[in-house]
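Subject: Structure handover

Hello,

Here is the structure I said I would pass on. My notes on what was found in it follow below.

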Amino acid sequence: MKKTVLITGASHGIGKSCAILFAQHNYNVIINYNRSELEAKLLASELVDSGFNAIAIRANVANRFEVDEMIQISNKVFGSIHVLVNNAGIAHQKLFTDISEYEWDEVFNTNVKGTFNCSQAVLKDMIKNHHGKIINVASIFGMVGASCEVAYSASKAAIIGFSKALAKEVGPSNITVNVVAPGIIDTRMNSNISPDVMEQLKYQTPLCRIGNPDEVANAILFLASQKANFITGQVISPNGGLVV
Ligand code: NAP
């Protein structure tokens, strides 16, 4: 039986790489997006044209009503969701003293509440089916913190705590919950980092380069696979050896 994966924030970057990789590994793929309708629909149609099963569904992960609607649509099209990748995320690079309450809430609503909304929405079926895999995308900054990324680092640390706790709670239902916490990856999220800072980050990375989204997607695919059946509550960090 073909399995179904829901990847949040799959219109760009790491989520998009996941959508392509999971499709190539025989999954039905639900491409969630919020603002990038064109990119998400183009990706879905390219996958379908290549003979894969994929649909693009819009939902702001921070909005529970929209998330529930997305799950209803995907259940109608592909049946129960077997794998959830909570990848949608935003960052605001700012001094802590400059970040507004609105920006703080926006980061936490997308990164943390979005992870809560999507996980709770798929778990009922996963518990009933006694099977499921949830992979949450955090960040190395959730482990070590980053200057000018206090809200982001705190939200990613929350995702790690969330995942470890949920792994304990749903383990008896044969559901695994793990975290992928990437280092610096070449995506739109880092497009406003200056070339100088990027060079510094490469210099601090033992592998002497920035990662690419496929390298994160491969770790996520592994955690979704049967090869990872005995792994839960863990954090894997594809980061080129970077310890900042
Ligand atoms: P990206 O290219 O900017 O992609 C972010 C994705 O998240 C987009 O597809 C965007 O969709 C989606 N998104 C944002 N807000 C959303 C919302 N409210 N509802 C649904 N989707 C939403 O960035 P990326 O680097 O691939 O980031 C993916 C994940 O990796 C994030 O959780 C990020 O924190 C994490 N990460 C990235 C790095 C890095 O260096 N790039 C490092 C560590 C962790 P729309 O455009 O459709 O709104």
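Helix α3 (residues 64-78) has 15 residues, which at 1.5 Å a residue should span 21 Å, and its end C-alpha atoms are 21 Å apart, in agreement. The expected span is 1.5 Å times one less than the number of residues. Helices (H or I, at least four residues) and strands (E, at least two) are DSSP runs, numbered from the N terminus.

This is a predicted model, in which local features need pLDDT of at least 70 and side-chain atom pairs count only at pLDDT 80 or more, while totals for chains, interfaces and linings use all residues. Residues are numbered from 1 along each chain as its sequence is written, and side-chain values use heavy atoms, with hydrogens and water left out.

Back to α3. Its buried residues (under 20% relative accessible area; exposed is over 50%, partly exposed in between; 1.4 Å probe, protein chains only) are Glu-66, Val-67, Met-70, Ile-71, Ser-74 and Phe-78. Seen down the axis of α3, these buried residues fall within an arc of 140 degrees, so they line one face of the helix. The arc is taken over the directions from the helix axis to the C-beta atoms. On the other side of α3, Phe-65, Gln-72 and Lys-76 are exposed. The cover over the buried residues of α3 includes β1 (3-7), β2 (27-33), β3 (54-58) and α4 (101-129). After α3 comes Gly-79, with a positive phi near 80 degrees.

Next, the interior. A nonpolar core is a set of buried Ala, Val, Leu, Ile, Met, Phe, Trp, Tyr and Cys residues joined through side-chain atoms within 4.5 Å. The largest one has 32 residues, of which Ile-7, Phe-22, Val-29, Ile-31 and Ile-220 touch the most other members. Its largest share, seven residues, comes from α8. A second, separate core of 24 residues includes Ile-30, Ile-55, Phe-78 and Val-170.

Last, the ligand. There are 32 residues around the ligand (a heavy atom within 4 Å), and Ser-11, Ser-36, Asn-87, Tyr-152 and Thr-187 come nearest. Ligand oxygen atoms also lie by the protein backbone: one is 3.1 Å from a polar backbone atom of Gly-9, and one is 2.9 Å from a polar backbone atom of Ile-14. For Asn-87, a backbone N or O atom lies 2.7 Å from an oxygen atom of the ligand. The cut-off for a polar contact is a pair of N or O atoms within 3.5 Å.

Regards

Definitions and conventions
Contact means heavy atoms within 4.5 Å. A polar contact is a pair of N or O atoms within 3.5 Å; within protein, one must be able to donate a hydrogen and the other to accept it, and residues adjacent in sequence count only if both atoms are side-chain atoms.
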